[in-house]
Amino acid sequence: MLLEARAIDAGYGKVPVLHGVALGVAAGECVAILGPNNAGKSTLLKVLSGLVGVWRGNLQFEGADITPDGPSERVRRGLIQVPEGRHVFPDLTVAENLIVGGLRLGSHRARRARLERVYDSFKPLYELRHRPAGMLSGGEQQLVAIARGLMAEPRVLMLDEPSLGLSPVAVDLVFGTLLGLKQESLTMIVVEQNVQFCFDLASRGYVLRQGRVVSQVEAMEHLTADALRQAYLG
Amino acid sequence: MLLFAGIIQGVVLGVILALVTSGMVLVYRATGVINFAHGSLMALAMYAAYDVRRYGGVDPLLSWVAVAPLMGFIGWGVFRWIVRPIRDRHHLLVVQALLGLSFVIEAFLLMRYGADLRSVGNVFSGRVIRLMGVGVEMTRAVAFVVSLAGLGGLGLALKHSDWGRRLRAIAADEMAAELAGISVTGVEGQVWCVGVGILGLVGPLLAGVFKLTPDMGLRYTILALVVLIVGGGRTMAATVASGLLVGLSETLGLLYLPGSYGGLTPYALLAVVLMARPAVAARMVRQR
């Protein structure tokens, strides 16, 4: 396993959210995290990226124990999260947003090369590169957020609700982009309310409810409507 | 002619004020904290130049080489040991702690140097230079040039360096910055270091322009606060414009208003700005 969470307990302040969550992601696969609202899906991603600390259990990444590491150390290892609600830097231009994403690539040359590659796969962003990111539409901002994550040359890309609040056209655009990344066998973990979206993108899934993994879906294409309804409604 | 002389003097003062305030603006943008000890730290830097001159015989035009790093370290320390431990508590706690620090500095200066007015001469003392026909103290002119260069350098660094991009990123969105691999507290410490270190750069020069008294700190804190609020605390350009406005209002006020009422004009300006654009100040308080 590239990334593995073992028996994770975590929460905010004194409020527990996750109870004994275990999860594993192999290189090159796309894993979905499913479940109803407040199941702890976003918290799980934040635990993986280091925004939320682990109370008990541990995290392994490429064979190393990363449990005590903060977010910036995990970014340095290539564990990159695209936050829910996009969170682009609004006053920075699109290009500056991407450069900030690529700060972990030490040399300016590596960064410029990466920037060119990212522009190649995100052509619309190249046209918008001098605009402040706060002026873009929701879908464009989501592309900026994903592209910013890609600038760091992720080993694992984690996406929190990438289609949330987007127009249907923008959802298709984001979906197409992620499908392209999947075909390049980028390892991804996706939290998503839009079931169809998850269905078509992910090969495996974990169903979370009330902070516990209640079932695993080994092949998304075999997920029946009933099982799905059960996953979301309990 | 008098008006023209006033304008020149006001511009010189305004640019110096803008550089002094820029340190406060950087700190405010990166950490959301208004440094109520800013002026007192500047007083400290000025007295440090006095000591370096007195005991080391080093001219204030050179002593910034030692004073600026010292002030930078102090700024970093204030963040690390005073601001960071308490900033997640009630927001007035940081204000109280920094005001407290400013009184501690004032008491220290009073104990060490006494209440007498002091000044720190440099090689340019007593010399006057003509700027477009208006006589300006040479030291003041040097401080003006240094401030212009400092502001320009800061502006460029903010816009084009990785450090500037990191700072703007954490000012815009701390969580997203963290997820981009930026160590937020690390950058915040650097910003306090630079923001207060600037005082070590101009303080020694200004010690040859303004008279030193131990209780001067709070006055400069408030003057910088006026520049910060009038400018909105967002960009370098706005800070420069606001510094010019405040400098001009003070100089012209002293020229044209009777008695010492002129010294009040910056505060009157603040009152006008607050009445005309209360939303600006409210936003500054609400942020973070």
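In what order do the strands of the open sheet of four strands in chain A lie? The order is β2-β1-β4-β5 (chain A), and the pairing is antiparallel. The notes below take this sheet and other parts in turn.

1. Basis of the note. This is a predicted model, in which local features need pLDDT of at least 70 and side-chain atom pairs count only at pLDDT 80 or more, while totals for chains, interfaces and linings use all residues. Residues are numbered from 1 along each chain as its sequence is written, and chains are lettered from A and ligands numbered from 1 in the order in which they are written.

2. Chain A as a whole. Chain A contains nine helices and 10 strands; helices (H or I, at least four residues) and strands (E, at least two) are DSSP runs, numbered from the N terminus. Its radius of gyration is 17 Å, which agrees with the value near 17 Å for a compact globule of 234 residues. That radius is taken over C-alpha atoms, and the globule rule is 2.2 Å times the number of residues to the power 0.38. Along the principal axes, the C-alpha atoms of chain A fill a box of roughly 45 × 40 × 30 Å.

3. Of the 234 residues in chain A, 45% are buried. A residue is buried if 20 or more other C-beta atoms, placed from the backbone, lie within 10 Å of its own. Two residues are in contact if their C-beta atoms, placed from the backbone, lie within 7 Å. Among contacts in chain A between residues at least 6 apart in sequence, 69% join residues at least 24 apart.

4. Strands of a sheet pair through backbone hydrogen bonds, either parallel or antiparallel. Here two strands count as paired if DSSP finds at least two bridges between them. Inside the order, β1 (residues 3-12) and β4 (residues 54-61) of chain A run antiparallel and share six bridges. Ala5(A) stands opposite Leu59(A) in β4(A).

5. A helix on the sheet. Helix α1 (residues 41-49) of chain A lies across β1, β2 and β4 of chain A, at about 70° to β2(A). Axes are lines fitted to C-alpha atoms, for helices over the stretch in contact, and angles run from 0 to 180 degrees between N-to-C directions.

6. Strand β9 and its partners. Strand β9 (residues 204-209) of chain A is parallel to β3 (residues 30-34) of chain A, with four bridges; Ala32(A) has Gly205(A) as its bridge partner. Five bridges join β9(A) to β10 (residues 212-217) of chain A in the antiparallel sense, and Tyr206(A) stands opposite Gln216(A). β9(A) and β10(A) form a hairpin with two residues between them, and Gln210(A) in the turn has a positive phi of about 45°.

7. Strand β6. In a regular strand the side chains alternate between the two faces of the sheet. In β6 (residues 79-82) of chain A, Leu79(A) and Gln81(A) point one way and Ile80(A) and Val82(A) the other way; all are buried. β6(A) pairs in the parallel sense with β7 (residues 156-160) of chain A over four bridges, and Gln81(A) has Met158(A) as its bridge partner.

8. Helix α8 of chain B. In α8 (residues 184-206) of chain B, 19 of the 23 residues are buried, so this helix is largely enclosed by the rest of the structure.

How values were computed:
A residue is buried if 20 or more other C-beta atoms lie within 10 Å of its own, exposed if 12 or fewer, and partly exposed in between; C-beta atoms are placed from the backbone.
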